[in-house]
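Welcome! Take a look at the sequence and the structure, and then read on.

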Amino acid sequence: MTTFPRTLNLLAGAPLGIFGAGHLGRTVACCLVDASFPRTQLLVCHRGSQRTQEQLAQAGLAGNIVDNRELVRRSGIIFYIVRPQDAGAITACPPPAGTLIVSFMASIPLARLRELIPGCSFMRVLTSAPDTLAQGRGIAAIFPGGKAVVDEILAAIRVRPYVLRREEDLHAFTVLGPCLPIALTCWEVRAGAADDQSLLRLGTRHGLPGYRHLLQWAREVQPRGQSPDEPGRLPHQVRYEGRGNGGYS
Ligand SMILES: NC(=O)c1ccc[n+]([C@@H]2O[C@H](COP(=O)([O-])OP(=O)(O)OC[C@H]3O[C@@H](n4cnc5c(N)ncnc54)[C@H](OP(=O)(O)O)[C@@H]3O)[C@@H](O)[C@H]2O)c1
């Protein structure tokens, strides 16, 4: 019994392609494999950095790397996970019309994606940081909702979905969701505990569904572990994550 019946049915033997195998793309690929997505139906591509090549090999994904053109040509679904400044990367090898492209990029609206890649079907998924996904404690805003395969994939990799009513609410979600754990820790270190009631009012005012759960999530995953020999400084863990895993900036 597969964890991905709808997805595999839609793919009909074609691969799922992850275009951009950096911090987030690589983590999503690993989460898929951990959730028993068939390794043979997973493709990844990147710009060609040696470091990414090595990290993919360490993750056991060396055999899944192909060039951009091959990934785009073969994949039935493409997860587009490059940085916003590289949003045009895929235009050098346009996907076949009708391909479902799931953009994980912050700040590139659907209208821009449609201009860049005409004829495809799009949705946006804005996740929390890669470390939360790797721990099986990720969250993601989805716009628009209604794609059963994407719901299935997120559920399989244990990412809690928040379907937004309006695309512009992705901005509020980013600040009051994925960015909140580090902000909570900074407030605690520098200025005392944050006021949950104010945050709840803010989340509700910005139309975020289930904001109480989001706040609870942020409390659960927020970086902890202040160093006793550096009072008033950010915890080691926070500074490490700021440099190391692309989770925070
Ligand atoms: N990291 C987070 O916490 C986070 C959270 C939510 C959303 N996001 C979104 O996820 C996206 C990726 O973030 P990231 O942190 O994973 O960035 P990243 O580590 O820099 O990864 C970007 C990847 O894109 C690849 N790439 C760039 N240009 C390419 C091209 N022309 N062809 C093929 N691949 C190309 C890079 O290849 P090389 O490695 O070879 O250079 C790299 O693997 C961003 O849009 C960001 O908004 C990130």
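Let us begin with a pair of helices: the axes of α9 (residues 180-191) and α11 (residues 211-221) come within 8 Å and cross at roughly 65 degrees. Please keep in mind that this is a predicted model. Overall, the protein has 12 helices and seven strands.

**The helix pair α9 and α11**

- Two packed helices are described by the distance between their axes and by the angle between those axes.
- The crossing in which α9 passes α11 is right-handed.
- On the α9 side you will find L180, P181 and L184, and these meet A218, R219 and V221 in α11.
- Sorted by class, this contact of α9 with α11 has five nonpolar residues, one charged residue and no polar ones.

**The sheet**

- Strands of a sheet pair through backbone hydrogen bonds, in either a parallel or an antiparallel way.
- Here, seven strands form an open sheet with mixed pairing, and their order is β2-β1-β3-β4-β5-β6-β7.
- At the edges are β2 (42-45) and β7 (159-163), each of which pairs on one side only.
- From one strand to the next, the twist averages 25 degrees.
- β7 pairs with β6 (residues 138-143) in the parallel sense, over five bridges.
- To locate this pairing, look for G138, which stands opposite V159 in β7.

**A helix across the sheet**

- Which strands does helix α7 lie across? Helix α7 (residues 148-156) lies across β3 (77-80), β4 (100-103), β5, β6 and β7.
- Relative to β7, helix α7 runs at about 145 degrees.

**Around the ligand**

- There are 28 residues around the ligand, and those that come nearest are G20, G22, S49, T52 and A89.
- By class, the shell has 13 nonpolar, 12 polar and three charged residues.

**The protein as a whole**

- How many of the residues count as buried? Of the 249 residues of the protein, 37% do.
- Among the contacts in the protein with a separation of 6 or more, 55% come from residues 24 or more positions apart.

Definitions and conventions. Residues numbered from 1 in each chain as written. Predicted model: local features only at pLDDT ≥ 70, side-chain atom pairs only at ≥ 80, totals over all residues. Near = placed C-beta within 6 Å. Nonpolar A, V, L, I, M, F, W, Y, C, P; charged D, E, K, R; others polar. Helix = DSSP H or I, 4+ residues; strand = E, 2+ residues; numbered from the N terminus. Buried ≥ 20, exposed ≤ 12 C-beta atoms within 10 Å, placed from the backbone. Contact = placed C-beta atoms within 7 Å. Pairing = 2+ DSSP bridges. Axes fitted to C-alpha atoms, helices over the stretch in contact; angles between N-to-C directions. Left-handed = near helix turned anticlockwise from the far one by under 90°.
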